[in-house]
Amino acid sequence: MAESLALPRDTSNPVVSALTVIAVQLAGALFLRQFLLIDDWRLVIGLLLLFGAALVLMERVPSLEARVEAAFARHSRLALLLGIAIVLAFPFVLEGNTYALHLCVISMLYAVLALALNFQLGSANIPNFATGASYGIGAYASALLALNFGVSFWLALPVAAVVATIFGFLLGIPSMRTRDSYLALVTIAFGVVIHQLLNNLEFTGGPNGLVGIPAPELFGHSFASPLVIFGQELPSQANFYYLSALLVLISIVFARRLHDSRVGLAWNALRTDELAARCQGINVTWYKVLAFAVDAFLAGFAGTIYAFYVGFISPDNFTFLVSVTIMTMVIAGGMDNILGVIVGAFLLTLLPEKLRAFSDYRILFFGVTVIVFLMIRPQGLFPQRLRRYGH
Amino acid sequence: MGLTASSPVVLEGENLTMRFGGLVAMAEVAFTLKRGEILGIIGPNGAGKSTLLNIITGIYIPSSGEVRLEGERLNGVPAHKIVARGIARTFQSSRLFGDLSVLDNVIIGRHTHTKAGVFDAIFRRGRAKAELDAAAAHAETLLKSVSRGLHEQRHRPAGELAQADRRRLEIARALATDPKVLLLDEPSSGMDDADTDALMDDIRAVCAQRPDLALMIIEHDMRLVASLPHRVMVLDYGQKLADGPYEEIRKIPRVQEAYLGRKAAQHAGA
Ligand SMILES: Nc1ncnc2c1ncn2[C@@H]1O[C@H](COP(=O)(O)OP(=O)(O)OP(=O)(O)O)[C@@H](O)[C@H]1O
Ligand SMILES: [Mg+2]
């Protein structure tokens, strides 16, 4: 009995479950498209209500959720291929809307940041308020390389990630001796110090930041020019759309592989009980520092893409508030659940944009929406799942 | 069992003293544990029993004295390395990874016998996965040998287990580290008599399969203390009161007064 609870076995017709996968993915893509393209606030509310209703349904009828999950587990290859196809085709159905594409790029960069933080917050329960700072370090490192030494984007990308990782280690070391709230304070202080340094140093451009970061080029194609595919012209944002989509894919692969590995297990162990983890032979200090480094590595990547995408950066792009937003995405989306974290990132990036009609009450409405969703799904939109082995 | 007169000492403590500020939780305690031996530890609440386990496993650093595993000093060795050297333990109030599956709890016990790091997990996935799958298979076998009932529940979150199964899982998780010495802190606490009997059978089975495993069991349940250990050590106010076979130590008046009399009376009354 207990076994069938934890391991939903898909006994239904394979065609039905394959169709389930296709329907769920297409519905998700359609929902996102409509949400991106609509302007009328009544339609925004309507879509949010629809989303809320779907959450209520999932919460009320767990068997439905289990069925969908089992279908995806069974047809994982189909789900992956269709997912990639949808992501590739998506810019073509946005009616050349540059703002919608821009929002997609930003959402995806935040998805990477949220996945990065999830290693710490979700897997290991380390309250790191410095992801925004690592994001900034990546952005500044690559921008400085490009502006001062003419380094190309493609080389700056890994170098900036390494620089951010080194800073991640540096942050990890003082954090080894502290825990919980104190640890949170150390990371907040780190974020503030980085922000202050960026604000006051000469070579980072002070409060004005860095301007004129050149757009990347690939085989002679500049990312600042429109992208032509099969005779279809897409706005220049599409270049960065595909680039960030690739980064999201890489982050998902990283996240999945780490989650399903000995490292992910060790993080989960120290999340629940540090003492018990030590008594199973886990070097708790090392694994915590490792979580800082992995977080900073991915955040550094995201920072580089951001810097080259917008072309100018300033310290105010990487404040404490950015870190808090990333943290909210992980908590609201679902700790230690990759899909949840990504949905959380999209929702929290898009929501404030779509609520512009409420002008002064925008943030209030934003907060209320998130609270309502969390009341429906207290463990986050998509909570943590148990691992499975072998098959 | 594996204990003979010539069995070598695996674990020994000498002069162990532990102060917490002004409080002396342990004063100059010495002990030995031979290969294949089961040592019971009894004593009233606050006697320093758990403190002794915490010193051995590197959670506490003793104010003075030393612990040796097969002749090598353990003082100052961090807790996670002591596990790798062959000392595993359970906790008085069970400390499972409640939000992970039963199987995952045991797989985590294989941590010191697996190697994959971040790089392997990402770039050499096949190798990392094969290693973890092997650990999972090992964990399944171990669970099955410790308790069939537990094995059947292997995909449930550990936090949902009944009290007796939580205790068994803690033992299985500790055994997964392939220890030379296993330390159990009140394994039967919170269990009724039937559960305790079943637990004793399980512990006997574990020892029968591993004749070289040395065991230290802290216990309050006198039925268990009377039948399971080869030898019993009595602690009181951080000092060693007695050390010997149960039949001998139960006769010592100070022991009866300090512990047995009171506890036995309570037990008879319950
Ligand atoms: N970390 C600590 N800090 C301060 N005092 C401690 C600490 N750990 C234990 N003590 C004290 O040391 C003494 C011995 O405690 P210990 O937990 O070893 O007793 P015990 O024999 O295991 O008792 P019980 O049967 O209640 O589990 C107690 O007085 C306890 O309050
Ligand atoms: Mg105790």
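**Notebook: helix pairs, salt bridges, interface**

For contact I use heavy atoms within 4.5 Å. Helices (H or I, at least four residues) and strands (E, at least two) are DSSP runs, numbered from the N terminus.

Ground rules, before I go on. This is a predicted model, so to speak of local features I need pLDDT of at least 70, and side-chain atom pairs count only at pLDDT 80 or more, while totals for chains, interfaces and linings use all residues. Residues are numbered from 1 along each chain as its sequence is written, chains are lettered from A and ligands numbered from 1 in the order in which they are written, and side-chain values use heavy atoms, with hydrogens and water left out.

**Helix pairs in chain A**

How do the axes of α10 and α13 of chain A cross? Helix α10 (residues 237–259) and helix α13 (residues 284–310) have axes that come within 11 Å and cross at roughly 175 degrees. That puts α10(A) roughly antiparallel to α13(A). My cut-offs: under 35 degrees is roughly parallel, over 145 roughly antiparallel, 65 to 115 roughly perpendicular, and the rest oblique. The axes are lines fitted to C-alpha atoms, for helices over the stretch in contact, with angles from 0 to 180 degrees between N-to-C directions. I sorted the residues of the contact of α10(A) with α13(A) and got 13 nonpolar, 2 polar and no charged. (Nonpolar is Ala, Val, Leu, Ile, Met, Phe, Trp, Tyr, Cys and Pro; charged is Asp, Glu, Lys and Arg; polar is the others, Gly among them.)

Next pair: helix α3 (residues 41–60) and helix α4 (residues 62–74) of chain A, whose axes come within 4 Å and cross at roughly 95 degrees. So α3(A) is roughly perpendicular to α4(A). On the α3(A) side I note A:L57, A:M58, A:E59 and A:R60, and on the α4(A) side A:P62, A:L64 and A:E65. That contact divides into 4 nonpolar, no polar and 3 charged.

I also checked A:L47, which lies in helix α3 of chain A. Is A:L47 buried or exposed? A:L47 is buried, at 14% relative accessible area. (Buried is under 20%, exposed over 50%, partly exposed in between, with a 1.4 Å probe and protein chains only.) Leaving aside neighbours within four places in sequence, A:L47 is in contact with A:F31, A:Q34, A:F35 and A:I38. I looked at A:L64 as well: A:L47 and A:L64 are 17 residues apart in sequence and 21 Å apart in space, C-alpha to C-alpha.

**Salt bridges**

- B:R85 and B:E72 meet at 3.5 Å, N to O. B:R85 sits in helix α2 (residues 79–85) and B:E72 in strand β5 (residues 72–73), 13 residues apart. Both ends are partly exposed, B:R85 at 32% and B:E72 at 47%.
- B:R168 and B:D165 meet at 3.2 Å, N to O. They are 3 residues apart in helix α7 (residues 163–175) of chain B, so about one helical turn separates them. B:R168 is buried at 9%, and B:D165 is buried at 14%.
- B:D243 and B:R231 meet at 2.8 Å, N to O. B:D243 lies in strand β10 (residues 239–244) and B:R231 in strand β9 (residues 231–236), so the pair ties together parts 12 residues apart in sequence. B:D243 is partly exposed at 31%, whereas B:R231 counts as buried at 15%.

I then noted a network in which salt bridges with shared partners join B:E12, B:E14, B:E66, B:R68 and B:R73.

**A/B interface**

Chains A and B bury about 3,400 Å² between them, 65% of it on carbon and sulfur atoms. (Buried area is the accessible area, 1.4 Å probe, that two parts lose on being put together, summed over both.) The contact takes 35 residues from chain A and 42 from chain B. I count 2 salt bridges across this interface. B:R95 forms a salt bridge with A:D273, with the closest N and O atoms 2.7 Å apart.

B:E70 has a positive phi of about 50 degrees although it is not a glycine. I find B:E70 in the loop between β4 (64–69) and β5, partly exposed at 41%. B:Y237, also not a glycine, has a positive phi of about 45 degrees. B:Y237 is in the loop between β9 and β10 and counts as exposed at 68%.

Methods: Salt bridge = Lys/Arg side-chain N within 4 Å of Asp/Glu carboxyl O.
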